[in-house]
Amino acid sequence: MEELEDALKVMQNGRSPGPDNITNEMLAHLGFQAKRKILGLFNTSWKTGLVPSNWRKAILMPILKVGKPKNKGNSYRPISLTSCMCKLMERIINKRPVWYLEKHNILMEEQAASEAVRDGGGGVYIKWPDNSSSKISIPTGKYSTNYKAEAEALQEAAKVLVNSEATYHAKVVLLTDARSVLDALESTKCPDVNALAQATTTLSLTASKLVLQWIPGHVDIFGNDVADQLAKEGGMMEQIQHNPSYNNSALDCHWRLEHPQHNSRDAIHKPSKAEKVTIFRLRTWHNRLKHHLFSRFKIGDGPNCPCVANRQDAQHVFQDCPLLDDARLKYWPEPREMNQKFYGSALQLGITEEFIYASDLTI
């Protein structure tokens, strides 16, 4: 239920529904019992691999680009309106692998997790009353999100404007294409924008009027495009090392004590993508060995290994199965702990992959 509540908090209001006509606002205002029913639906879908037919459909809407002629097909940008229920479930599911990838430092420099990016940046473009302009780029963290970057960019803009005499008793408009940040400011349940809320409140005391306005992104609005470029430049700046909160530090310390085999420079980065997937499945125990398939999805004739000695899971296959004694002896003449086989050096992971291939295992 906590995951569902967290996902609902960041669902954006004012978005068009999909074919089922269910909006984010409807979902956000559901009571506890209704949320339990939705959670039951999500769990059933996850276990069976089936989803409602409406979740697989979309309403295609053409959106006219700014300043483009209406009588030309390439003047329109197509968007797909899909089920808000489906997007809610996707958000819940997506959070788990993102957490794992970031926690275990599996992301490579070229990768991003969900909306998370390496070396985030924010951009601020200010147009002053005398028609001059200011351009500001800021780093937003080694690991950032678009949401965090947009919030910090707005906060930086507010600070700059507060310190300028040009804004005293003047009308100020802050434009952003991050509707989620504006929604968070209106909510009392989003402490991650408290600093932004304080900055805009201070600005409102000096300006005669302050307006925060959403604008669509990537539709050729000049100032927004400039800010996007400034954000990219911010991502190339030296990132500030933020001190983690006490809770995060305690959790991190606890996790490391429970996982002494973890290496921040994990060799899982080095194999091919397919090999990474195999190692990842073995580490998480979410694989296609008989025990997991049968116990989780009721696939197959049972959880036991063909040797009938025990259930077929990673521990049994890599350490105990008598049918694979010869293969294990060939690839590991000296006894090896399972942690070494799954978390060892690039060479060790390569041997693990060879063992899987030679043993004709489906992981």
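Tutor: Gladly! Let us start with a term we will need: helices are DSSP runs of H or I with at least four residues, numbered from the N terminus. Keep in mind, too, that this is a predicted model.

Student: Which helix gives the largest share of the lining of the second largest pocket?

Tutor: That is H4, with six residues. At least two lining residues each also come from other helices, including H1 (2-10), H3 (32-48) and H10 (273-284).

Student: What is the volume of the second largest pocket, and which residues are closest to its centre?

Tutor: Its volume is about 700 Å³. Of the 24 lining residues, Trp 46, Ile 93, Arg 96, His 286 and Arg 296 are the closest to the centre.

Student: How do the lining residues of that pocket divide into nonpolar, polar and charged?

Tutor: There are 14 nonpolar, five polar and five charged residues in the lining.

Student: Why is H1 called roughly perpendicular to H3?

Tutor: The two helices pack at an angle of about 105°, and their axes are 10 Å apart. Angles of 65 to 115 degrees count as roughly perpendicular, so H1 is roughly perpendicular to H3.

Student: What makes up the contact between them?

Tutor: H1 brings Leu 4, Glu 5 and Leu 8, and H3 brings Lys 35, Leu 39 and Phe 42. Four of these residues are nonpolar, two are charged and none is polar.

Student: Where is confidence lowest, and where is it highest?

Tutor: The lowest mean pLDDT, 57, belongs to helix H9 (residues 246-258), and the highest, 92, to strand E5 (residues 171-176). The protein averages 82, with 85% of the residues scoring at least 70. Over residues 108-115 the pLDDT is below 50, and this stretch has 17 contacts in the model beyond near neighbours in sequence.

Definitions and conventions
Residues are numbered from 1 along each chain as its sequence is written. This is a predicted model: local features need pLDDT of at least 70, side-chain atom pairs count only at pLDDT 80 or more; totals for chains, interfaces and linings use all residues. Side-chain values use heavy atoms; hydrogens and water are left out. On a 1 Å grid over the protein atoms alone, a cavity is a set of points where a 1.4 Å probe fits but cannot get out, and a pocket is an open set with protein on both sides within 12 Å along at least five of seven lines; lining residues have an atom within 4 Å of a point. Grid points are joined across faces, edges and corners, and a volume is the space filled by probe spheres set on the points. Ala, Val, Leu, Ile, Met, Phe, Trp, Tyr, Cys and Pro count as nonpolar, Asp, Glu, Lys and Arg as charged, and the others, Gly among them, as polar. Axes are lines fitted to C-alpha atoms, for helices over the stretch in contact, and angles run from 0 to 180 degrees between N-to-C directions. Angles under 35 degrees count as roughly parallel, over 145 as roughly antiparallel, 65 to 115 as roughly perpendicular and the rest as oblique. Contact means heavy atoms within 4.5 Å. pLDDT is the predictor's confidence in each residue, from 0 to 100.
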